Amino acid sequence: MASKAEKYYPPYPGQEPYIHLCFSERDERKVRPLLRRLLLRGCRVWYGMGQARDRSALTERNRRMLGAGLTVLYLTEAARRDTELKNKLLVCQRRGQPILVLNTDAGDSGLSLGLTGEASAAVLGGNAADACDAILHGRGFSQVFMGDPLPVYDRRGLRRFTVLLLLLSLLLGVGYGAYIYLHPPVLDPPEETVVLPADTVILKDQALREAVRQAIGGGAITEEAVRGLKTLSLSRLPDGLEDLSLLPDLSTLILSEAAAQGAPQLPELYDRYTLIVAGGEEP
């Protein structure tokens, strides 16, 4: 599983000149701010963390370590007690690689790690800003290690933005609640539901039903409403006489020409009702 340093500030994977940042894995949290500053300045930085998966991965890690143009030691008390880190540094020194010791706690310098010559002379770098400047202006550093600044994950900026967003949401919620408390909404009274009387005379034919409703002046079609309805104008006759029989006083049907021509040949229709063609004579 990748560390946070590898996740947010991954080691440089390319072939252009780069520096090797050497630190104890116990200092990974302290190193992250320095990595962030170096990457923002465009410095190409490689480092190794964790156990190599296999011999091939170990060989590649050693190749990358020895291929750096400069090794920067992030010196802390944890680094002084790190045997594996000491072995790495001595390998780099034997290969003639320049080493810059960044003393972060003003403690013992590189002499305690067995470094000799110029590598034993440490520069101070307490916080991330001082450490970054000490590296960029230190012995052995060159502009060839610099490239384009890289976009890096700004965890603190994201956290500040999240907190600000939460505070803004909280303020808006409190403000809206206060406004509602001081200015309660005026609710309109509920509209009265108008219940229309239901039809009690059920006419299945829709055209007949609408004609009857129009003839009685609207409203429900009831026995009382259709009582006395003697004449009815229709644009179409129903297929049967069942609906017409529910209108007991109906005696005259005024039909359109189309309705008269399509009138069913039912003897009882002509026996019971007088049929008048609108604008014409009785059929």
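**Strands and helices**

Author: Start with a pair of residues: Leu253 stands opposite Leu275 in strand S8. Keep in mind that this is a predicted model.

Reader: How many bridges join S7 to S8, and which way do the two run?

Author: Strand S7, residues 252–255, is joined to S8 by four bridges, and the two run parallel.

Reader: What is the order of the strands in that sheet?

Author: The order is S6-S7-S8, in an open sheet of three strands with parallel pairing. Its edge strands are S6 (231–234) and S8 (274–277), each of which pairs on one side only. From one strand to the next, the twist averages 25°.

Reader: What holds paired strands together in general?

Author: Strands of a sheet pair through backbone hydrogen bonds, and the pairing can be parallel or antiparallel.

Reader: Why two sides?

Author: Because side chains in a regular strand alternate between the two faces of the sheet.

Reader: Which strands does S1 run parallel to?

Author: S1 runs parallel to S2 (residues 45–46), with two bridges between them. Here His20 stands opposite Trp46. Val72 in S3 is the bridge partner of Leu21.

Reader: You mentioned H2. At what angle does H2 pack with H6?

Author: The angle between H2 and H6 (residues 128–136) is about 50°, and their axes are 9 Å apart. That angle makes H2 oblique to H6. Their crossing is right-handed.

Reader: Which residues in H2 meet H6?

Author: Pro33, Leu34, Arg37 and Leu38 do. On the H6 side they meet Ala128, Ala129, Ala131, Cys132, Ile135 and Leu136.

Reader: Now the whole chain. How many helices and strands does the chain have?

Author: There are 11 helices and eight strands.

Reader: And what share of the residues is buried?

Author: Of the 283 residues in the chain, 36% are buried.

Reader: What about contacts between residues 24 or more positions apart?

Author: Such pairs account for 60% of the contacts in the chain with a separation of 6 or more.

How values were computed. Residues are numbered from 1 along each chain as its sequence is written. This is a predicted model: local features need pLDDT of at least 70, side-chain atom pairs count only at pLDDT 80 or more; totals for chains, interfaces and linings use all residues. Side-chain values use heavy atoms; hydrogens and water are left out. Two strands pair if DSSP finds at least two bridges between them. Axes are lines fitted to C-alpha atoms, for helices over the stretch in contact, and angles run from 0 to 180 degrees between N-to-C directions. Angles under 35 degrees count as roughly parallel, over 145 as roughly antiparallel, 65 to 115 as roughly perpendicular and the rest as oblique. A crossing is left-handed if the near helix is turned anticlockwise from the far one by less than a right angle, and right-handed if clockwise. Contact means heavy atoms within 4.5 Å. Buried means under 20% relative accessible area, exposed over 50%, partly exposed in between (1.4 Å probe, protein chains only).
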